[in-house]
Amino acid sequence: MNHSFFRPTLALLLSTSLLTLGTGCVSQKKYTALQSQYDELTRSREQLQAQKTALEQDKARSEDALRSSLLNKNQQVNQLNDNLSGAQAANSQLSADLRSKEQRIAEMQRILDQKDAAVKALRKKVGDALLGFNANDLQVNVRNGKVYVSLSEQLLFKSGSTKVDPKGQDALKKLATALQGNQDVNVLVEGHTDNVPITKGTLGMKDNWDLSVLRATEITRILTESGLSPAQVTPSGRSQYVPVAANTTPAEKALNRRTEIILTPKLDELFQILEAN
């Protein structure tokens, strides 16, 4: 129903009635009161209409704001779901990588434990094989995960000589026997001297480098002739440059004139794991 059509008609009828009343039985006073009431009702109606319009506008704005807010929230939820899915995938990959690293670390630790056990067993086997020798002439120790067999010059060589004495040969043969069958052990023979220069022309040697290298080579020959594989033995000479004492007294010089046979278990498995990382 169109209320706007009735409003002017109502106003016209009311006005006509008032005029009729005014000229008839209604007094001027009553007419004025009715006119005032009519004006007041008209103003009230206009105010209510304005309020209604304002409320409708507020409602429209609120609905638009709510729709916009709802759309924004939906977008945020979708973004959070995407982020959560990505985070879950990343976390799953991270967990898999972590498990893989933990497995590699555990494997490395297992190999290191095996290596430590092998070093201890090797040290005991070598020590038992060389029990009969003077502790001042022959020592077996573990350092840095390796077995060091340190033999004094007094046990092995006469001064300036590269020929191993019979007692020294006996020690080397017993060592070779103890190591036979251990193909997973690298053997490094290091010759060491004190800082006293050799006599020039001694057996064609120029200096302590030659002396240390030739002594190491001679010991290597005895070890390989006694059963060790030449592929696992390496001779080397360190001359006077890796002393264990200060080279200031005869006793200190004697300590530096030595041969060290360094036994190192092979770590091929460990190196493969490290390279894979």
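## Exercises on a predicted model

In this predicted model, a nonpolar patch on the surface is formed by Trp209, Tyr241 and Val242, whose accessible area together is about 300 Å².

**Exercise 1.** Determine where valine 242 lies in the chain, and whether it counts as buried, partly exposed or exposed.

*Solution.* Begin with the position: valine 242 belongs to the loop that runs between β4 (233-237) and α6 (250-256). Next, take its relative accessibility, which is 31%. Buried means under 20% and exposed means over 50%. Valine 242 therefore counts as partly exposed.

**Exercise 2.** Describe the largest pocket by its volume, its lining residues and the elements that supply them.

*Solution.* First, the volume: the largest pocket holds about 400 Å³ of space. Second, the lining: 20 residues line this pocket, and those nearest its centre are Asn136, Ser150, Ser152, Leu255 and Arg258. Third, the elements: two or more lining residues come from each of β1 (138-143), β2 (146-152), α3 (153-156), α6 and β5 (258-265).

**Exercise 3.** State how many helices and strands the protein has, their order, and what share of its residues is buried.

*Solution.* Count the elements: there are seven helices and five strands. Then read them from the N terminus, which gives the order α-α-β-β-α-α-β-α-β-α-β-α. Last, consider burial: of the 277 residues in the protein, 29% are buried.

Technical notes:
Residues numbered from 1 in each chain as written. Predicted model: local features only at pLDDT ≥ 70, side-chain atom pairs only at ≥ 80, totals over all residues. Heavy atoms only, no water. Patch = residues over 30% accessible without salt bridge, like charges linked within 9 Å, V, L, I, M, F, W, Y side chains within 5 Å. Areas by Shrake-Rupley, 256 points an atom, 1.4 Å probe, with all protein chains shown as cover. Salt bridge = Lys/Arg side-chain N within 4 Å of Asp/Glu carboxyl O. Helix = DSSP H or I, 4+ residues; strand = E, 2+ residues; numbered from the N terminus. Buried < 20%, exposed > 50% of the residue type's maximum accessible area, 1.4 Å probe, protein only. 1 Å grid on protein atoms, 1.4 Å probe; cavity = no way out; pocket = protein on both sides within 12 Å on 5 of 7 lines; lining within 4 Å. Points joined across faces, edges and corners; volume = space filled by probe spheres on them.
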